[in-house]
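Here are my notes for someone opening this structure for the first time. Please read them with the model on screen.

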Amino acid sequence: MLRTILTISGKPGLFKLIGPGRQSVIVETIDSVKKRFNVNRTDQVVALDNISVYTNTEEFPLRKVFASIQEKYSGKKVDIVPSKASSDELYSFFETVLPDFDHDRVYPSHVKKIIQWYNLLIENELTDFSDPSENSEGKAEGADNSAE
């Protein structure tokens, strides 16, 4: 599911990949408005499935972070308001879902984005955070990128 959910640099929110267009990609907002538009291939577009979070030992897939949050909050939204939370509150929250995260490379802004994205996915009932390669006869997907 996270393979088709995108983040677009410079645009708030998350988007669902609809398909290719001419010299662009067609996306749709995942909120209730469902607005469709073209995104130029020159824009930075990343699927959530390709994002990882730095830990002290490895890069941890974002989908696993979301699954950990989902388990901790019983599938409900996170009750922290990211825009009002202090750095200490954000790090304290993140330690409960990913205790081994790298404090030097994961910034409060990263944690804010993760909370915002998770809450947006939960609001829109996009809650399948399983690994698609585990569900499709062992097919491995592309390399992970680190969270920004």
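1. **Confidence.** This is a predicted model. The average pLDDT of the protein chain is 89. A score of at least 70 is reached by 90% of the residues. Residues 137-148 need care, as their pLDDT stays under 50. The model still gives that stretch 27 contacts beyond four places in sequence. Where pLDDT is low, the predicted coordinates should not be read in detail.

2. The protein chain has 148 residues, and 41% of them are buried. Take the contacts with a separation of 6 or more: 57% of them join residues 24 or more positions apart.

3. **Helix 1 against helix 2.** Two packed helices are described by the angle between their axes and the distance between the axes. Helix 1 covers residues 62-72. Its axis lies 9 Å from that of helix 2, at an angle of about 95°. Angles from 65 to 115 degrees count as roughly perpendicular, so helix 1 and helix 2 are roughly perpendicular to each other. From helix 1, the contact uses V65, S68, I69 and K72. Helix 2 answers with F93, F94, T96 and V97. By class, the residues of this contact are five nonpolar, two polar and one charged.

4. **Helix 2 against helix 3.** Helix 2 spans residues 87-97 and helix 3 spans residues 108-123. Their axes come within 9 Å and cross at roughly 60°. Helix 2 and helix 3 are therefore oblique to each other. The crossing of the two is left-handed. On the helix 2 side, the contact residues are S87, L90, Y91, F93 and F94. P108, V111, K112, I114 and I115 meet them from helix 3. The contact of helix 2 with helix 3 has eight nonpolar residues, one polar and one charged.

5. **T7 in strand 1.** Strand 1 runs over residues 5-8 and holds T7. Is T7 buried or exposed? T7 is buried, because its relative accessible area is 16% and the cut-off is under 20%. Beyond its neighbours within four places in sequence, T7 is in contact with L14, Q44, V45, V46, L48, I51 and W117.

6. **P132 in helix 4.** P132 belongs to helix 4, which covers 132-135. P132 is buried, with a relative accessible area of 13%. P132 and L2 are 130 residues apart along the chain, yet their C-alpha atoms are separated by 8.8 Å. Leaving out residues up to four places away in sequence, P132 touches R3, D49 and R63.

7. **N40 in strand 4.** Strand 4 covers residues 36-40, and N40 is part of it. N40 is partly exposed, at a relative accessible area of 45%. N40 and Q23 are 17 residues apart in sequence but 6.5 Å apart in space, C-alpha to C-alpha. N40 touches Q23 and S24, with residues up to four places away in sequence not counted.

8. Check the backbone at K34, where phi is near 55°, a positive value in a residue other than glycine. K34 sits in the loop between strand 3 and strand 4. K34 is partly exposed, with a relative accessible area of 41%. For E125, phi is also near 55°, again positive in a residue other than glycine. E125 has its place in the loop between helix 3 and helix 4. E125 is exposed, with a relative accessible area of 68%.

Note on methods: Residues are numbered from 1 along each chain as its sequence is written. This is a predicted model: local features need pLDDT of at least 70, side-chain atom pairs count only at pLDDT 80 or more; totals for chains, interfaces and linings use all residues. Side-chain values use heavy atoms; hydrogens and water are left out. Axes are lines fitted to C-alpha atoms, for helices over the stretch in contact, and angles run from 0 to 180 degrees between N-to-C directions. Helices (H or I, at least four residues) and strands (E, at least two) are DSSP runs, numbered from the N terminus. Angles under 35 degrees count as roughly parallel, over 145 as roughly antiparallel, 65 to 115 as roughly perpendicular and the rest as oblique. A crossing is left-handed if the near helix is turned anticlockwise from the far one by less than a right angle, and right-handed if clockwise. Contact means heavy atoms within 4.5 Å. Ala, Val, Leu, Ile, Met, Phe, Trp, Tyr, Cys and Pro count as nonpolar, Asp, Glu, Lys and Arg as charged, and the others, Gly among them, as polar. pLDDT is the predictor's confidence in each residue, from 0 to 100. Buried means under 20% relative accessible area, exposed over 50%, partly exposed in between (1.4 Å probe, protein chains only).
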